[in-house]
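Subject: Structure handover

Hello,

Here is the structure for you to look over. My notes on it follow below.

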Amino acid sequence: MAELGDAVGDHLIEEGLYHASPTSLLQRLSAVEEHTSRVLVIAHMPTVRMLAEGLIGRAAADRVGGLPFAPGAVAVLDVDVSWAAIDGGVASLAAFHS
């Protein structure tokens, strides 16, 4: 798994995202402050799977057989665009643990 190291610091729990749709989560990610280098999203199925597959793009998700999210699964995504520019297909799957 990716090391968090010194990256652990301020955190924000947003209760309003508990029942969010993938689109709502994507909109929230686009509002993340630019100095933020890491974001942890904890969500329910199928929302979290749909968000992760959307961020890596449908073709990439199909190449890995989809993301078989079981309870406690973790997808680590790398994103090389600004938070404001985050959208479908902009991420790559760095690791998946289920």
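Thr47 sits in helix H2, which spans residues 47-56. Helices here are DSSP runs of H or I with at least four residues, strands are E runs of at least two, and both are numbered from the N terminus. This is a predicted model: local features need pLDDT of at least 70, side-chain atom pairs count only at pLDDT 80 or more, and totals for chains, interfaces and linings use all residues. Residues are numbered from 1 along each chain as its sequence is written, and side-chain values use heavy atoms, with hydrogens and water left out.

Is Thr47 buried or exposed? Its relative accessibility is 14%, so Thr47 counts as buried. (Buried means under 20% relative accessible area, exposed over 50%, partly exposed in between, with a 1.4 Å probe and protein chains only.) Leaving out residues up to four places away in sequence, Thr47 touches Ala20, Ser21, Pro22 and Leu25. A contact means heavy atoms within 4.5 Å.

Glu53 is also in H2. Glu53 is buried, because its relative accessible area is 6%. Beyond its neighbours within four places in sequence, Glu53 contacts Arg58, Ala61, Gly66 and Leu67.

H2 as a whole is mostly covered, with seven of its 10 residues buried. They are Thr47, Val48, Leu51, Ala52, Glu53, Leu55 and Ile56. What lies over them includes helix H1 (22-30), helix H3 (58-63), strand S1 (74-79) and strand S2 (91-97). Gly57 follows H2 and has a positive phi, near 95 degrees.

Next, the core. The largest nonpolar core has 17 residues. (Such a core is a set of buried Ala, Val, Leu, Ile, Met, Phe, Trp, Tyr and Cys residues joined through side-chain atoms within 4.5 Å.) H1, H2 and H3 are the elements that give two or more residues to this core. H2 supplies the largest share, five residues. Leu29, Leu55, Ile56 and Phe69 have the most contacts inside the core. Setting aside neighbours within four places in sequence, Leu29 is in contact with Val39, Val41, Leu51, Leu55, Trp83 and Ile86.

Now the rings. How many aromatic pairs does a search of the whole structure find? It finds one. Phe69 and Phe96 form this pair, edge-to-face, at 5.2 Å centre to centre with 80 degrees between the planes. (Rings of Phe, Tyr and Trp, the last by its six-membered ring, pair if their centres lie within 6.5 Å; planes under 30 degrees apart are stacked, over 60 edge-to-face, and the rest tilted.) The pair links distant parts of the chain: Phe69 is in the loop between H3 and S1, Phe96 is in strand S2, and they are 27 residues apart. Phe69 counts as buried because its relative accessibility is 14%. Phe96 is at 25%, so it counts as partly exposed.

For the overall layout, the protein has three helices and two strands. Along the sequence they follow the pattern α-α-α-β-β. Buried residues make up 22% of the 98 residues.

Last, confidence. The protein averages a pLDDT of 84, and 91% of the residues score at least 70. (pLDDT is the predictor's confidence in each residue, from 0 to 100.) Among the elements, H1 has the highest mean pLDDT (93) and H3 the lowest (80). Over residues 1-5, pLDDT stays under 50. Where pLDDT is low, the predicted coordinates should not be read in detail.

Best wishes
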